[in-house]
Amino acid sequence: MLVRSDFSLWKQHIRLYSQGKENGVNILKSIDEGPFQMGTFRETLAEGDEGVLHLGLERTRVYSDLSPEEKERYNTDIHATNILLQGLPKDIYTLINHYTDAKDICDNVKMLLEGSELTKEGRVSQLYDDFEHFHQNKGETIHDYYVWFAKLINNMRNIKMSMSKMQLNSKFVNNMLPECGRFVTAVKLNSGLRDSNYDQLYSYLKQHEAHANENKMILD
């Protein structure tokens with residue numbers, strides 16, 4: 001199956017798979033060079049004096065004109081096309097299934113996935129920026145803060161962005177409103193950032209939200 005946004009890995013898999021098939025050399029030629037070209041042919045009509053050949057009109061060659069080696073190369077083209085089409089996601093297959101040449105298919109898959117990769121890079125940049133500036137807004141409940149944080153982390157994981165547990169936990173507790181400071185300190189003193197996850201930290205802090213609201217009234 002094609003891994004979206006990873007054309008190089010897909011191409012490497014295709015080449016290794018093709019090399020293991022009978023006539024693998026010709027399969028790779030179909031992918032790299034395009035389909036076999038029939039070319040043209042002038043049939044010998046007669047041989048004249050001193051070995052001079054009398055040739056007919058030039059015409060396009062047909063299958064019966066090919067040598068055994070050329071027939072193998074010609075027959076491989078459809079095999080190469082089928083190999084490339086196998087395992088493509090439905091949306092990409094729909095965009096390229098009208099191509100019959102293996103090279104055209106490979107080139108267009110590359111174009112589509114490199115476009116996806118650029119989109120992914122922009123998404124990664126945006127999510128890093130969102131993470132950097134994430135904080136609890138004034139008037140926002142701990143539950144709402146947790147829900148927005150969980151959505152952000154889920155979006156990051158969906159495109160294979162990863163951060164350590166300590167990074168996530170530190171971000172979660174260090175960007176809460178000042179009235180939660182007393183309980184955040186308690187979490188840190190009890191090594192909660194190292195041993196817990198942000199879901200567990202949320203559960204602990206949620207239990208003390210009423211006390212945090214009392215602190216807010218005092219601070220105000």
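**Two helices side by side**

I began with a pair: helix 7 and helix 10 are roughly parallel to each other (angles under 35 degrees count as roughly parallel, over 145 as roughly antiparallel, 65 to 115 as roughly perpendicular and the rest as oblique). Before going on, I noted that this is a predicted model, where local features need pLDDT of at least 70 and side-chain atom pairs count only at pLDDT 80 or more, while totals for chains, interfaces and linings use all residues. I also noted that residues are numbered from 1 along each chain as its sequence is written, and that side-chain values use heavy atoms, with hydrogens and water left out.

I looked up the packing: helix 7 (residues 165–174) and helix 10 have axes 9 Å apart, at an angle of about 25°. Axes here are lines fitted to C-alpha atoms, for helices over the stretch in contact, with angles from 0 to 180 degrees between N-to-C directions. Helices (H or I, at least four residues) and strands (E, at least two) are DSSP runs, numbered from the N terminus.

Which residues of helix 7 and helix 10 meet? From helix 7 I listed L168, N169, F172 and V173, and from helix 10 Y198, L201, Y202 and L205 (contact means heavy atoms within 4.5 Å).

**Helix 10 on its own**

I checked burial next, with buried meaning under 20% relative accessible area, exposed over 50% and partly exposed in between (1.4 Å probe, protein chains only). In helix 10 (residues 198–207), the buried residues are Y198, L201, Y202 and L205. They lie on the same side of helix 10, because they cover an arc of only 105° around the axis; the arc is that of the directions from the helix axis to the C-beta atoms.

At the start of helix 10, I found a side-chain oxygen of N197 within 3.0 Å of the backbone nitrogen of D199.

**A second partner**

How do helix 6 (residues 142–158) and helix 10 cross? Their axes come within 10 Å, and the crossing is at roughly 175°. That makes helix 6 roughly antiparallel to helix 10. On the helix 6 side the contact is made by I142, H143, Y146, F149, A150, I153 and R157, and on the helix 10 side by Y198, D199, Y202, L205 and K206.

K165 has its place in helix 7, and I noted it as partly exposed, with a relative accessible area of 43%. K165 touches L193, R194, D195 and S196, not counting residues up to four places away in sequence. K165 and L193 are 28 residues apart in sequence, yet 7.8 Å apart in space, C-alpha to C-alpha.

Is L66 buried or exposed? L66 is buried, with a relative accessible area of 5%, and sits in the loop between strand 2 (53–60) and helix 3 (68–85). L66 touches F36, M38, R61, K71 and Y74, leaving out residues up to four places away in sequence.

N23 is in the loop between helix 1 (7–19) and helix 2 (24–33). Its phi is near 65°, a positive value in a residue other than glycine.

**Whole chain**

Note on methods: A polar contact is a pair of N or O atoms within 3.5 Å; within protein, one must be able to donate a hydrogen and the other to accept it, and residues adjacent in sequence count only if both atoms are side-chain atoms.
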